[in-house]
Amino acid sequence: MALLLLGVGDDTGTSGYRTPKHLQFRPSGIMLVTWKALDVQCFFSAGELLLCEASTVYKYIQEDGSNRGTYGKLVCTNFKISFLDDDSTSDDNEPQFKNKIVGENDITLQCVDQIYGVYDEKKKLLTGQQRKYPEKLIIYCKDLRVFNFCLRYTKEEEVKRIVSGIVHHSQTPKLLKRLFLFSYASAAPNNTDGRNQTVMFETLEDWRDELERTKGNVKYKAVATNEGYRVSEKLPLYFVVPICISEESILKYEGRGIPIWCWSCHNGAALLKMSAFPKEQDDSTSQMQKAFLDGICKTISKPPYELLKMDDLSSSLPSLQDIQTAYTRFKQLFLIDNSTDFWATDVKWFSLLESTNWLEIIRRVLKKAIEVVECLEIQHTNVLLIEESATDLCCVISSLVQVMMDSYSRTKSGFQSLIQKEWVIGGHGFLDRCNHLHKTEKEEAPVFLLLLNCVWQLVQQYPPAFEFTETYLTVLSDSLYVPIFSTFFFNSQHQRDTNTSGESLKTQSGPFRFLTVWDWSVQFDPKAQAFLNNPLYAEKPKPDKSQRKTARFKHQRQLSLPLTQAKPSTKRGFFREETDHLIKNILGKRIGKFINSSDEPPNSLREFYDSWHSKPVDYHGLLLPRIDGPEIKVWAQRYLRWIPEAQLHGGGTIATAAKILDLMEEVQSLQVKMDEEHSQAVSGDVHSVPMLRNSARLSSLFPFALLQRQSVKPALPTSTWKDLEDEDDLVKRDDEFVDLSGDML
């Protein structure tokens with residue numbers, strides 16, 4: 001197998017291998033490569049090794065089963081799988097929202113979920129060495145793209161090389177330092193902007209600043225006890241504990257049983273987390289640990305601390321295995337090979353969606369976050385979240401609580417700082433949970449994706465409260481699988497620090513310099529980055545110094561009364577009164593589990609929830625998600641963006657956004673003219689507004705999809721659609737109507 005290190009190989013090639021015609025260097029270590037054999041181009045990153053290739057590969061277009069597509073070259077590197085064709089660099093097909101690292105026909109090796117081969121029209125999962133090579137290759141991606149390649153017209157030797165290479169490099173276990181992350185860090189020039197307002201929480205000063213920002217420095221302190229990782233390799237170098245906790249207590253049980261500070265509420269109550277002691281211990285050890293834990297809890301339950309409530313998340317939330325199982329079922333609904341599969345699943349969409357249990361898990365997690373908020377906000381009680389390692393569901397709940405209660409966490413820099421604090425430095429095992437090394441599936445669980453799904457529910461319910469958009473959340477979820485950034489490719493700060501030392505190809509000495517995902521200029525140009533910023537964000541007004549006569553600001557939501565008392569709906573279920581009667585009957589039974597949940601909240605929580613939703617929203621104060629029945633929605637942009645049949649042509653939220661952006665562009669243009677007339681410089685902080693002039697090409701899934709493909713008619717058997725013609729028969733056959741008037745939360 002020929003290897004070519006881009007920028008190092010000679011012009012003649014080895015073993016008959018065709019080397020690129022020329023190399024053109026781009027910023028950030030990206031190189032433009034052109035092949036002699038085919039007049040095609042591809043962008044390669046610094047440190048990228050070309051492993052194998054196959055010519056005359058036919059890529060199918062996911063559409064109506066007509067087998068239409070295009071010929072090109074399929075290549076596999078140590079970073080990605082790429083399909084190169086004549087249209088790859090065509091200006092006509094240039095997307096408005098373009099990723100500079102991963103193109104439309106690129107799949108990073110970490111993004112590959114499963115690979116199937118087609119033998120005589122039968123699909124077979126490909127793992128390990130193959131005795132017989134398939135005539136078709138289907139690649140399912142973790143970002144839910146599906147690629148179909150036909151290899152019938154490819155030379156047999158090339159088929160063997162490309163199939164073996166792709167399966168081996170994307171599916172077999174590997175060592176950490178074999179990740180492309182290290183190849184790129186050692187070869188790429190360090191010329192990225194790197195300027196952002198994200199707090200990395202890598203220094204003691206960062207933690208002290210956060211304590212001061214949240215007014216938590218009176219009762220809590222930042223400690224450096226773990227410097228050199230002498231307490232635990234799982235803990236960060238620096239963290240925050242109650243002032244009353246001694247260094248000896250932290251050292252005693254390697255950090256276990258120690259309440260670690262997450263955030264302080266405006267009323268002084270704090271959110272804490274703690275890793276539990278191992279359950280299987282001998283009696284004497286268990287008694288010692290119990291006495292130690294009781295002493296800690298009694299200490300922080302006395303003044304000046306508030307009362308303490310302990311919440312064991314392992315008993316109140318689904319297990320990681322349940323979360324993984326639900327998401328595995330859920331994502332199968334969106335891994336669609338063709339239009340026929342789409343319409344076949346569409347007939348029983350709600351039944352299939354309910355059976356996955358994914359939306360119910362999102363609802364339960366949001367409900368748990370509301371419970372914690374109620375304790376902090378109303379009861380003025382400290383909340384201590386307990387989990388085995390305090391790095392999974394603790395991260396989810398603590399992050400959601402801060403997003404709901406702290407408006408700073410709803411800004412882009414604040415949200416990124418929150419992810420750094422609770423997840424990256426907090427020790428979430430991204431490497432294991434995302435299964436980047438393919439070592440074991442037992443540790444795999446989409447915990448971070450669960451958080452993003454929950455945050456998306458809030459973003460779509462209260463858009464003006466967030467500085468970032470759902471597009472930002474979508475590309476953040478995609479970045480989980482881009483091994484150029486170190487953010488999501490280590491299990492702990494200790495693991496990253498111990499693997500930072502290494503030799504650079506450029507300097508032959510010195511440590512690796514990893515990039516952070518928060519520098520969005522690496523992936524997107526300024527025009528594309530504008531899609532990450534919410535033009536409707538209601539910025540927090542600066543306080544007027546001349547009117548400081550009232551007490552310190554608290555959540556306006558709790559202090560103000562609505563002009564008119566909102567009447568609670570008589571129906572708290574899935575449907576409102578204006579909902580179509582037929583749809584009620586068709587969907588009644590299917591969503592029964594969501595509505596008739598036995599997981600009913602305490603009366604105080606229900607009162608808190610109803611009271612909050614009866615008042616006007618303060619976008620800079622407390623936010624509570626609506627979690628009744630249909631309020632928990634599918635994140636359409638992320639899960640449906642690659643399915644043409646799911647697009648609303650010229651519609652959806654993007655239709656509204658396009659008009660708003662046009663208006664903003666006009667306002668900015670007028671502002672520039674006014675500034676020029678008054679000889680004033682234009683502020684450099686104004687975000688560029690993307691041009692959306694050609695609105696006829698937009699769809700509801702923009703900016704990830706344009707109006708390029710559409711399925712005119714469903715490819716279902718005629719008998720199926722005849723069954724659907726009689727609505728009454730459909731109701732009788734599939735469901736029995738369920739009364740939806742019961743209470744729920």
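Trainee: Is Asp120 buried or exposed?

Mentor: The model is a predicted one, and the call rests on relative accessible area, where over 50% counts as exposed. Asp120 has a relative accessibility of 58%, so it counts as exposed. Asp120 is found in the loop that joins E9 to strand E10 (122-125), and its phi is near 50 degrees, a positive value in a residue other than glycine.

Trainee: Where does Phe201 lie, and is it buried or exposed?

Mentor: Phe201 lies in the loop between helix H2 (180-187) and helix H3 (204-213), and it too is a non-glycine residue with a positive phi, about 55 degrees. Under 20% relative accessible area is the cut-off for buried, and Phe201, with a value of 2%, is therefore buried.

Trainee: What should I look for in Pro304, as regards its place in the chain and its separation from Lys219?

Mentor: Separation along the sequence and separation in space are to be read side by side. Pro304 sits in the loop between helix H5 (283-299) and strand E17 (308-312), and it counts as exposed because its relative accessibility is 53%. From Pro304 to Lys219 there are 85 residues in sequence, while their C-alpha atoms are 7.3 Å apart in space.

Trainee: How many of the contacts in the protein, as a percentage, join residues 24 or more positions apart?

Mentor: Among contacts with a separation of 6 or more, those between residues 24 or more positions apart account for 70%. For the protein as a whole, the secondary structure comes to 25 helices and 18 strands, and 54% of the 745 residues count as buried.

Trainee: What is Thr356 in contact with, once its neighbours within four places in sequence are left aside?

Mentor: Thr356 lies in helix H9 (residues 349-356) and counts as buried, because its relative accessibility is 3%. With those sequence neighbours left aside, Thr356 is in contact with Ala326, Arg329, Phe330 and Leu333.

Trainee: How many of the 20 residues of H10 are buried, and what span should they have?

Mentor: H10 is mostly covered, with 19 of its 20 residues buried. At 1.5 Å a residue, H10 should span 28 Å, and since its end C-alpha atoms are 29 Å apart, the two values agree.

Trainee: At what angle do H10 and H11 pack, and which residues make the contact?

Mentor: A helix pair is described by the angle and the distance between the two axes, and then by the residues that meet. Helix H10 (residues 358-377) and helix H11 (residues 393-405) pack at an angle of about 60 degrees, their axes being 9 Å apart, and they are therefore oblique to each other. Their crossing is right-handed. On the H10 side the contact is made by Val365, Leu366, Lys368, Ala369, Ile370, Val372, Val373, Leu376 and Glu377, and on the H11 side by Val396, Ile397, Leu400, Val401, Met404 and Met405. By class, these residues divide into 13 nonpolar, no polar and 2 charged.

Trainee: How far apart are Met405 and Leu622, in sequence and in space?

Mentor: Met405, which has its place in helix H11, is buried, because its relative accessible area is 4%. Met405 and Leu622 are 217 residues apart in sequence, yet 4.7 Å apart in space, C-alpha to C-alpha.

Trainee: At what angle do the axes of H10 and helix H14 cross?

Mentor: The axes of H10 and H14 (residues 447-461) cross at roughly 75 degrees and come within 10 Å, which makes H10 roughly perpendicular to H14. Trp358, Ile361, Ile362, Val365 and Leu366 in H10 meet Leu450, Asn453, Cys454 and Gln457 in H14, and the contact has 7 nonpolar, 2 polar and no charged residues.

How values were computed. Residues numbered from 1 in each chain as written. Predicted model: local features only at pLDDT ≥ 70, side-chain atom pairs only at ≥ 80, totals over all residues. Heavy atoms only, no water. Axes fitted to C-alpha atoms, helices over the stretch in contact; angles between N-to-C directions. Helix = DSSP H or I, 4+ residues; strand = E, 2+ residues; numbered from the N terminus. Parallel < 35°, antiparallel > 145°, perpendicular 65-115°, else oblique. Left-handed = near helix turned anticlockwise from the far one by under 90°. Contact = heavy atoms within 4.5 Å. Nonpolar A, V, L, I, M, F, W, Y, C, P; charged D, E, K, R; others polar. Buried < 20%, exposed > 50% of the residue type's maximum accessible area, 1.4 Å probe, protein only. Expected span 1.5 Å × (residues − 1).
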